[in-house]
Amino acid sequence: IYLCMYMAFAFWRVYYNVFLKDFGFPGAQIGTINALIQATFFFFVAFWGAVADRRGIRPTLRFVAIGAAISMFFLRDVQTFALLLFYIPLLTVFYNPIGPLTDAMATQYAHSEKKHSFGGFRLWGSMGWAIASIGGGFLFDVISLEYIFAISAAFFLLSTIFLSTRRKKQTFRPHFERLGFKEIAANKPLVLLSILVVFYGIVCAPVHSYINLYFTELDSGNDTVGFAYAIMATSELPLFILGNRLLKKWGAHWVIYIAIFTMFIRFILYGLFPFPAVGLAVGIMQGVTLPFFLVGIVDYLHKLLPGRHATGQSLVWGLFIGVGQTSGNLIIGSMLDRAGMVGVMKIFVPVAFLCLLYGIWYFNRNARVKGT
């Protein structure tokens, strides 16, 4: 399931910005479209999480995968900005919940079958992303990028074969718990931590959403774009494990510092050394900048919301993707045509540094409040 789902994700997301640029969309419109993809994340994940609590994860995931396949297939024919403003939110109704629901199902399965682990399942997702990125890079140098939609839809449908509920003795549920705004607002450390998660979501937007346009700006082909995403995906595999070990040894705050500082260095290298070979090498740092931050922030959030792990993880993803990366995409879209992606990388050097300073201030402040 992970292999198929993440291949479906990659065949579309790795190359969609390139498709839009080749089709003549200006940077501001590309930024708006990317923002729309992320903007509905928190709402629809919450909605389908509640549905899965009643009906079970497998049937719910199968339904949204079919919906994503259908809407993805017809996305090829939506080629005006005005129509995309309507169609992209419709697509995300089914697309955005797939990752969180798959994670929830794997977590529940690993909990009941002790010989398995969530990390062991999640590795297949990164592998699927890497395979699709590399394969797509070679494939789309030969055939039109218009096929990204049909291929992505096909892999979503393929995943539903493995989502049959027959012969299953257990019904897995995500145990989604709503976390109201009042509850968040009443917890000041949680509010300040939420700001850090949103801030870092903005910081990560150039790398997560626009690294494809960075390489095309350097006159690289789709094969290089594919390799770039594959390197980033595979670099995450061992460092999720390393992040957990450092978490136990040093604490969540140091793991988070390392993640943000590494992103700061990435922007310096992307901005000052705009060469494809350098960009590919820098992609290895993705294994630190995302896994370390998520491992650290989820662990720290569990201390602020004890016993509510699923709720805490949904909050992290909602803030990081739904708010942070949505805002980042809009910001980047507004400067893309004027500065180009190399210029954007330079601009985000001080932004990443400010995020690091805020993180240091937050954890030092919270330590003083707790008297530690």
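**Aromatic pairs in close-up**

F353 is partly exposed, with a relative accessible area of 38%; partly exposed lies between buried (under 20% relative accessible area) and exposed (over 50%), with a 1.4 Å probe and protein chains only. The model is predicted: local features need pLDDT of at least 70, side-chain atom pairs count only at pLDDT 80 or more, and totals for chains, interfaces and linings use all residues. Residues are numbered from 1 along each chain as its sequence is written, and side-chain values use heavy atoms, with hydrogens and water left out.

**View A. Aromatic pairs and the pair of W12 and Y95.** Rings of Phe, Tyr and Trp (its six-membered ring) pair if their centres lie within 6.5 Å; planes under 30 degrees apart count as stacked, over 60 as edge-to-face and the rest as tilted. By this rule there are 35 aromatic pairs. W12 and Y95 pair edge-to-face, 5.0 Å centre to centre, with 85° between the planes. This pair links distant parts of the chain: W12 in helix α1 (residues 2–22) and Y95 in helix α5 (residues 81–95), 83 residues apart. Helices are DSSP runs (H or I, at least four residues), numbered from the N terminus. Both W12 and Y95 are buried.

**View B. The tilted pair of F264 and F353****.** The ring centres of F264 and F353 are 5.5 Å apart, with 45° between the planes. F264 belongs to helix α12 (residues 252–272) and F353 to helix α16 (residues 309–370), 89 residues apart. F264 counts as buried because its relative accessibility is 14%.

**View C. The cluster around W12.** One aromatic cluster includes W12, Y16, F19, Y95 and F149.

Terms used. Helix = DSSP H or I, 4+ residues; strand = E, 2+ residues; numbered from the N terminus.
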